[in-house]
Structure formats: C-alpha cells, structure tokens
Amino acid sequence: MMREALAAARDAARHGDVPVGALVMSGGDAIAVASNRTLRDQDPTAHAEVLALREAARARHSWRLDDCTLYVTLEPCAMCAGAIVLSRVRMLVFGAWDEKAGMAGSVGDIVRHPRLNHRPEVVAGVLAEECAMLLKGFFAEMRSEG
C-alpha cells in the first residue's frame, strides 16, 4: 500500500508539488488515493491526507472512516493529524518522519493525544528511507533551480 502512496507522491512532484501521497484502505480495497495539490490548486489545505480523507468519505457516504487505514508517505502535519483524528481513521501508517512539522511523534503527537476522543493506531517508518529520499531529491532539485 505504501508503494501506491509513493506513486501518488511522485505524481505530485511531476506537477511541482511537495511529493507526498496518501491512500485510504477499507477492508482489502483502496477507496481513495491522493497526492499533494497545494500549488496546483492554490489551496493551503490540499495536502494528500486531507484530499484522500475527503475522497474516502465521499466513497463511503460517511465522514466516519473508523474501519479504514490511511497510508501516507510523510508523517502528518498538525492540520492533517487533526483531520485524521476527526475522521476516526482506525490506523495511520506513514513512511518518513517529519522532524520540522510532524504531529504523529516528531514535533508533537496530535493523533495520540490523551485528551482527544479518538486515537488511531500508528505504524511509523514503513518504507521510510524510500519516502525520505523522494522528498530530499525534490527539495535538492528545487534548491538547484532556484
């Protein structure tokens, strides 16, 4: 599943967006896949996780995704971590850690905050090196062009 999220992340990079991809699974089926579209859509909320959660909710005709697993190539930021909690996702699986903005254990831990009413199971570091290398390569290329 993380490889499919990586494919979505590569699509984001091809369009100039930060290469993050997300996939929502329900049972054995992928019900949503998305990549970052912040630049393409000129929308600060168009992160892969948020877009995938929206698509999954439409597919399910319900905002409650309590039997779903979200795979994402990068540790979610505060906005995405909040959306994950609010959608009641059962499990979050992410690849690379985000030491600057990650809110699933790096900078903070919104998804497992004890005062919130929902805390998904978290599996971190799946294909972490491959996910991190995609991001590092993207930003290295951006610096060399700019």
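**Legends to the close-up views**

**View 1. Glu 121 is the bridge partner of Met 91 in strand 5.** Strand 5 spans residues 121–124 and runs parallel to strand 4, the pairing being made over four bridges; two strands are said to pair if DSSP finds at least two bridges between them. Helices (H or I, at least four residues) and strands (E, at least two) are DSSP runs, numbered from the N terminus. The model is predicted, with local features requiring pLDDT of at least 70 and side-chain atom pairs counted only at pLDDT 80 or more, whereas totals for chains, interfaces and linings use all residues. Residues are numbered from 1 along each chain as its sequence is written, and side-chain values use heavy atoms, with hydrogens and water left out.

**View 2. Strand 4 also pairs with strand 3, in the parallel sense and over five bridges.** Met 91 of strand 4 is the bridge partner of Thr 69. Strand 3, helix 4 (residues 78–87) and strand 4 together form a right-handed β-α-β unit; right-handed here means that, with the strands pointing away from the viewer, the path from the first strand over the helix to the second runs clockwise. Strand 4 is mostly covered, six of its six residues being buried, where buried means under 20% relative accessible area, exposed over 50%, and partly exposed in between (1.4 Å probe, protein chains only).

**View 3. Helix 5 has a buried side and a face turned away from it that carries exposed residues.** Cys 131, Ala 132, Leu 134, Leu 135 and Phe 138 are buried in helix 5. Seen down the helix axis, the buried residues fall within an arc of 155° and therefore line one face of helix 5, the arc being that of the directions from the helix axis to the C-beta atoms. Among what covers these buried residues are helix 1 (2–14), strand 3 (68–74) and strand 4 (91–96). On the face turned away from the buried side, the exposed residues are Glu 129, Lys 136, Arg 143 and Ser 144.

**View 4. Ser 26 lies in strand 1 (residues 21–26) and is buried, with a relative accessible area of 14%.** Leaving aside its neighbours within four places in sequence, Ser 26 is in contact with Ile 31, Arg 60, Asp 67 and Cys 68, contact meaning heavy atoms within 4.5 Å. Arg 60 and Asp 67 form a salt bridge whose closest N and O atoms are 2.7 Å apart; a salt bridge is a side-chain nitrogen of Lys or Arg within 4 Å of a carboxyl oxygen of Asp or Glu. Arg 60 counts as partly exposed because its relative accessibility is 28%, and Asp 67 counts as partly exposed at 36%.

**View 5. Asp 11 forms a salt bridge with Arg 40, the closest N and O atoms being 3.7 Å apart.** The pair links distant parts of the chain, Asp 11 in helix 1 and Arg 40 in helix 2 (residues 38–41), 29 residues apart. Asp 11 is partly exposed at 25% relative accessibility, as is Arg 40 at 24%.
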